[in-house]
Amino acid sequence: MKRIGKLAGLTLALALAVGAAAQPADAPFASTYQRREAPPLAIVGARILTGTGADLADGTILVRDGRVEAVGQGIAVPDGYERIDGRGRWVTPGLIDAHSHLGVSSSPQTPLSGDHNEGTAPNTAEVWAEHSVWPQDPQFRLARAGGVTTLLVLPGSSNLFGGRSVTLRNVPAVTVQEMKFPDAPYGVKMACGENPKRTFGARGRSPATRMGNVALFRRAWIEAADYARRIERARSSGGEPPRRDLQLETLAGVLDGDILVHNHCYRADEMAVMIDMGREFGFRIGTFHHATEAYKIAPVLAREGICVATWASSWGSKMEALDAIEENAPMIHAAGGCAIIHSDDATLGQRLNQEAGIALAAGRGAGLAIGEGEAIKWITANPARALGLADRVGTLEPGRMADLVLWSANPFSVHAMAERVWIDGAAVWDRADSRYQAPSDFLLGQPGQGAPR
Amino acid sequence: MIARLALMLLLSLAAMAAGPARAETFLIANARIATMGRAGTIERGSILVRDGRIAAVGADVAAPDARRIDAGGRIVTPGLIASGTGLGLIEVRSVDAANDRATRLPGISAAFDAGYGLNPDSLLVPVARLSGITRAIATPTYAEGTGAERLFAGQAAAVTLGGQPMLMRRGVAMVLALGEDGAERAGGARGAALTSLRAILADVRDFARRRAAYDRGETRDYLLSRADLEALVPVVERRMKLLVSVNRASDIRDALAFAREERVGIILEGVAEGWRVAAEIAAAGVPVLLTPVDNLPASFEALGATLDNARLLQRAGVLVGFQGNGNHRERELRYNAGNAVAAGLAWEQGLAAVTINPARIFGLDDRVGSIEPGKEADLVIWNGDPLDTLGRPSAIFIRGEAQPMRSRQTELRDRYLPAVLPSPSQGAEP
């Protein structure tokens, strides 16, 4: 299972191996994230959406040592806990943005700061998004104020294999290693459809068509399987392994099931082709991103266990996005699938909760009876699953990492503000306390910083 | 019970929409009416609509012979007005053939009139309308690549999102980008853009006095084509405002000074740092259009972008209109207003910024923007807060005609919805 380690010729010492694909402790560019110590806290009297489907009125949640200690109604608050009045407020798990380009497509946008599309060849599986992340991107702090505690930062979609993703804790940091979610599995970004064929077709080279896209995908998987075979042969016979190849290493990691597939793919028919391609080469697609036509094959995606990360409002920017509907996520949900509301945008990424609200209201308008307790999964538990972190974040259950948001109102409403946000039980945002609102280095001393963002 | 009443209301509206779309006399009763006019908000009142216009509004409106629509205590607002959109001009952003917002034709910049080539059958129209938008300012943009050096994008047109004709009023503003974008079009420097503009306006004034001489070839050479010069005459005569995109505080000051010195009327658009010079904008009596959720320091001219912008400008006395999130995403206009309210703007001001304020900014307030006698009957009945993600329209009227509550998107939804609904007989997936 730990093919990354084998490929790299590394030992298989694993840090706290939970989940399918934790990274070896001596993996390169290892996380240096440190949970901040914080006194235990209790939020009392809030409406709590736990991310498991439960919707608790007048609930209490206890947090200790960075973990959720207890959640429920009528729980007594032990001595020594900071007591937070939750009456009239809502509590949810910290939001998880399953499709972000923060740090790799930063503000301000300059010709020099667009670091998310390598795009110089159809296959750039060798690049790692973490090597582009600028921790001083002011957008991280804005997402924090929107309740986002974990982000999947992806390379762009201009080519077939955009590179490796990185999963970040949304904490102020100077290095990307300080933000890396410890032991989060890696992902690879793949893109169907218009983007790769337009990018390379315009340069007079392959892929220029959708069939060209698939042909190059298949060629890459054939090479990756061959690479994996040669390494395995060398390992079993004691021969010389092939020279390490970063591109093939990422793809072989997918074939081994260690690296998750995040596939930008809009059209239903293309998703069906990609599912079959996965069967041909023996890998699973974890999540279709954007996936604006997912509702057309909702039962298939539910059966295949593939998550759908999408928007509510975005449509029509491209031909392949023409059939987007607001009810996409609720229809995936109704079919028993894994629906996710994502941002792909630094403005929208500050209000994932509202985008989920648009989808929820549209779903209800279409007659789908979905409660807030279920819909909150679209921005918490389900993206946690897509990131391979379902056993650690995304729900408020005893033992889970204590990522929480205290909302001023129903979080699906425009009127809801994230009053306070915690990551691993430590406060990272407080609307009423400037100590938690510090902007990035970039904005220090810049003009026009006198108003709150 | 309430749900059943709502259903009856919707069914009756659907029946109206299915029939011939003809303005009739009707009374919307039992409504909470946000008039956006002098009457303010009427907690429980009625609106009488006759011949497509509002005949009366108030707590007591007698209309015994009018068909009665019971709003069930719901909120009724004026139809929303989307500013700075491509509605009617665009289908798919990445498909050039389906995008009429910009031209590369030499000699047609200021003369480009978005009021021509409007497509009332655009798929975007019902989608925007289903979010309560009944009118829009179809606004030209700049083409990329060749022709990018043009200073003026063209003339915006006011359009109606239901019934014919689509064109409501031509030439409601002349679109001009300054700041970073304008500098780029003027060869790379802000100073060049402003200098070039002054030279052009001098040409236009000269041309306006000496058309006959121009046609005989007896004037000096002008920078622009005859069509462009002609199009700018209403600007120098103060019959058409310049819609000037600027963001940086200093650029806003430059635009205000330019307007004052050249004696032209302007509307400021974008104004990310408007809050920093709010008093100066207010003193100049210049209105602004902004997108309240734009808080990213996305460029060096928007380092001071903040969610507080709308509130601070409004507090300073500036007339503020809101914009949506562009073309296909215009339906998010009302959520943008809701976010400004969440950031501290009064709810009535948030609603005004998407109704009466844009009507005033573009000189349309004699016809739309509020629920007052004599105005065209653009009305929306909402099942919740119009500015909230959780509220949605339950009925929409334009010029007194009930609009279909359908779009291509609802048709796609309804085609695929049965496959995800639990089957009553077996409960298994189809």
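Me: Where does Pro207(A) lie?
Reply: Start with the elements. Helices (H or I, at least four residues) and strands (E, at least two) are DSSP runs, numbered from the N terminus. Pro207(A) sits in the loop between helix H3 (194-201) and helix H4 (210-237) of chain A. The peptide bond from Ser206(A) to Pro207(A) is cis, with omega near 5°.

Me: Before we go on, what kind of model is this?
Reply: A predicted model, in which local features need pLDDT of at least 70, side-chain atom pairs count only at pLDDT 80 or more, and totals for chains, interfaces and linings use all residues. Residues are numbered from 1 along each chain as its sequence is written, chains are lettered from A and ligands numbered from 1 in the order in which they are written, and side-chain values use heavy atoms, with hydrogens and water left out.

Me: Which residues does the cis peptide bond in chain B join?
Reply: Gln164(B) and Pro165(B), with omega about -10°. Pro165(B) is in the loop between strand S8 (152-160) and strand S9 (167-177) of chain B.

Me: What is the phi of Phe29(A)?
Reply: Positive, about 60°, although Phe29(A) is not a glycine. Phe29(A) belongs to the loop between helix H1 (3-7) and strand S1 (41-49) of chain A.

Me: Is Arg399(B) buried or exposed?
Reply: Take the cut-offs: buried means under 20% relative accessible area, exposed over 50%, partly exposed in between (1.4 Å probe, protein chains only). Arg399(B), at 18%, counts as buried. Phe29(A), at 40%, counts as partly exposed. Arg399(B) has a positive phi too, near 50°.

Me: How many disulfides are there over all chains?
Reply: A disulfide is a covalent bond between the sulfur atoms of two cysteines. The rule here is a pair of cysteine sulfur atoms within 2.5 Å. By this rule the count is two. Cys192(A) and Cys265(A) form a disulfide, with sulfur atoms 2.3 Å apart. The S-S torsion of this pair is about -95°, so the disulfide is left-handed. Cys192(A) lies in the loop between strand S10 (187-191) and H3 of chain A, and Cys265(A) in strand S11 (residues 260-265), so the pair ties together parts 73 residues apart in sequence.

Me: What is the torsion about the S-S bond of Cys307(A) and Cys338(A)?
Reply: About 85°, so that disulfide is right-handed. Cys307(A) lies in strand S13 (residues 307-310) of chain A and Cys338(A) in strand S14 (residues 338-341), so parts 31 residues apart in sequence are tied together. Cys307(A) is buried, at 2% relative accessible area. Cys338(A) is buried, with 2%.
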